[in-house]
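Hello,

Here is the structure I promised to pass on to you. Have a look at it first, and then read my notes below.

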Amino acid sequence: MGVIYEDAVLIKEAESAVDHTEITVNCPDKTGLGCDLCRVILLFGLSIARGDVQTDGKWCYLVFWVVGKPTTRWSLLKTRLQEVCPTCTPAASGIYYYRPEFQQPRPPDIFLLKFWCSYDRKGLLHDVTQVLCELELTIKRVKVSTAPDGGVMDLFFVTDTRELLHTKKRQEEAIDHLKAVLGDAMLNCEIELAIPEVTAYSQSFLPSSVTEDMFRLEMLGVLASSSVSIEVDNSLRPSHTLVKVLCQVHKGLIYDIMRTLKDYNIQIAYGRFFVKNCEVELFITQADGKQIIDPNKQNALCSRLRMELVHPLRVDVISRGPDTELLVANPVELSGRGRPLVFYDITLALKNMNISIFSVEIGRHRIHDREWEVYRILLDECDGFSLPRNEIRECVRKKLMGWE
């Protein structure tokens, strides 16, 4: 059977507030490993300051220097990073080899968490989202509605990173944490395994005018943007293509680069990046281990990287009849995983603006031949908030991009 190399992940915590925590990963290699590691780091709310990546195609050595927080659970982070490292099998020679057949985990069970509150309040949804994040419950879909009498019914479709939500103890832990946040307002809370018919329920239709406004106009912005510079060079190494990126810093920058390369099945042989100076240099190969020679492939990769770095998320505020709706969309990895903490940041931004949420829908849609995770949030205007829609859009976008 496969085993995880015992020293696959080492974390050296920062000695002072001005230092960075050093994360070292030493394990068998696989295409997309950098993306998977960066996703976990982003999920823990950490930002990568710089990094170094080396691999011979079989074994890799990665170092990330990250900016931590006082609340960071470093031992848990180490466990989650180890879980995405490929398992390997020892040979008679003592050398460990990666065995792809061991990397076939079954899809996680989806649970329905539903609770009722006697009244709504500003920031309630963010507080619930924060509790679920701390419990390592991943939100897959949300249905939030507010009754005319002010009562709230929330439906969260979640998966459990710890795979224990089927147990009574884990369910009681989740309910107790929610009760501590919601207090006497929580009337009831239930957790049950979601039936396939419910999890497969199709989401509401997105009007074409919405998709055109959010995607076509931003594409024009990408073509006109000078904030991202991408160069491709095949002259430095005979078997590797150098991709050099200069861009504006944003939250999840390295993750966005890594997930794009993963979706294109690109392997990184060597790389170095300094986020403060927005410099990323990666020596890459195609899946066959060769340089990217075809100009069409080079242009396609550069165009996609530019798109993901200029607009890693799409944000808009529109009118839906007499109501105001916030729309946020992020691309889904080909592996089926969405961007971490998007809903957390959205609800935090609205809470900071003192804006209540009337209803929420999260669904996945095919737009321009790609799958997108789309958040539709109907804002509660009963208390007469007067912020201009452009200001709401920019405040949410800044929070998502980490520009606050």
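**Cavities and salt bridges**

The second largest cavity has a volume of about 120 Å³. A cavity here is a set of points on a 1 Å grid over the protein atoms alone where a 1.4 Å probe fits but cannot get out, and its lining residues have an atom within 4 Å of a point. Grid points are joined across faces, edges and corners, and the volume is the space filled by probe spheres set on the points. Of the 17 residues lining this second largest cavity, Asp 120, Arg 121, Leu 124, Leu 125 and Ile 357 are the closest to its centre. Two or more lining residues come from each of α3 (124–134), β8 (137–146), β9 (152–160), α9 (342–352) and β17 (356–367). These helices (H or I, at least four residues) and strands (E, at least two) are DSSP runs, numbered from the N terminus. By class, the lining of the second largest cavity divides into seven nonpolar, five polar and five charged residues. Ala, Val, Leu, Ile, Met, Phe, Trp, Tyr, Cys and Pro count as nonpolar, Asp, Glu, Lys and Arg as charged, and the others, Gly among them, as polar.

Before you go further, please note that this is a predicted model, in which local features need pLDDT of at least 70 and side-chain atom pairs count only at pLDDT 80 or more, while totals for chains, interfaces and linings use all residues. Residues are numbered from 1 along each chain as its sequence is written, and side-chain values use heavy atoms, with hydrogens and water left out.

Searching the whole structure gives four cavities of 30 Å³ or more. At least two lining residues come from each of α1 (33–43), β3 (47–55), β4 (59–67), α7 (253–263) and β13 (267–274). Nine residues of this lining are nonpolar, five polar and three charged.

Now for the salt bridges. The structure holds 27 of them, each being a side-chain nitrogen of Lys or Arg within 4 Å of a carboxyl oxygen of Asp or Glu. Glu 333 pairs with Arg 39, with the closest N and O atoms 3.8 Å apart. This pair links distant parts of the chain, 294 residues apart: Glu 333 is in the loop between β16 (323–331) and α9, and Arg 39 is in helix α1. Are these two buried or exposed? Glu 333 is buried, at 2% relative accessible area, and Arg 39 is buried too, at 16%. Buried means under 20%, exposed over 50% and partly exposed in between (1.4 Å probe, protein chains only). Glu 333 also meets Arg 337 in a salt bridge (3.6 Å, N to O), and Arg 337 is partly exposed at 27%.

Helix α2 is worth a look as well. In α2 (residues 74–84), the buried residues include Trp 74, Leu 76 and Arg 80. Arg 80 forms a salt bridge with Glu 83, the closest N and O atoms being 2.8 Å apart. The two are three residues apart in α2, about one turn of the helix. Glu 83 is partly exposed at 46%, whereas Arg 80 is buried at 11%. Salt bridges that share partners join Arg 80, Glu 83, Glu 136, Asp 160, Arg 162, Arg 170 and Glu 173 into one network.

Enjoy exploring!

Methods. 1 Å grid on protein atoms, 1.4 Å probe; cavity = no way out; pocket = protein on both sides within 12 Å on 5 of 7 lines; lining within 4 Å.
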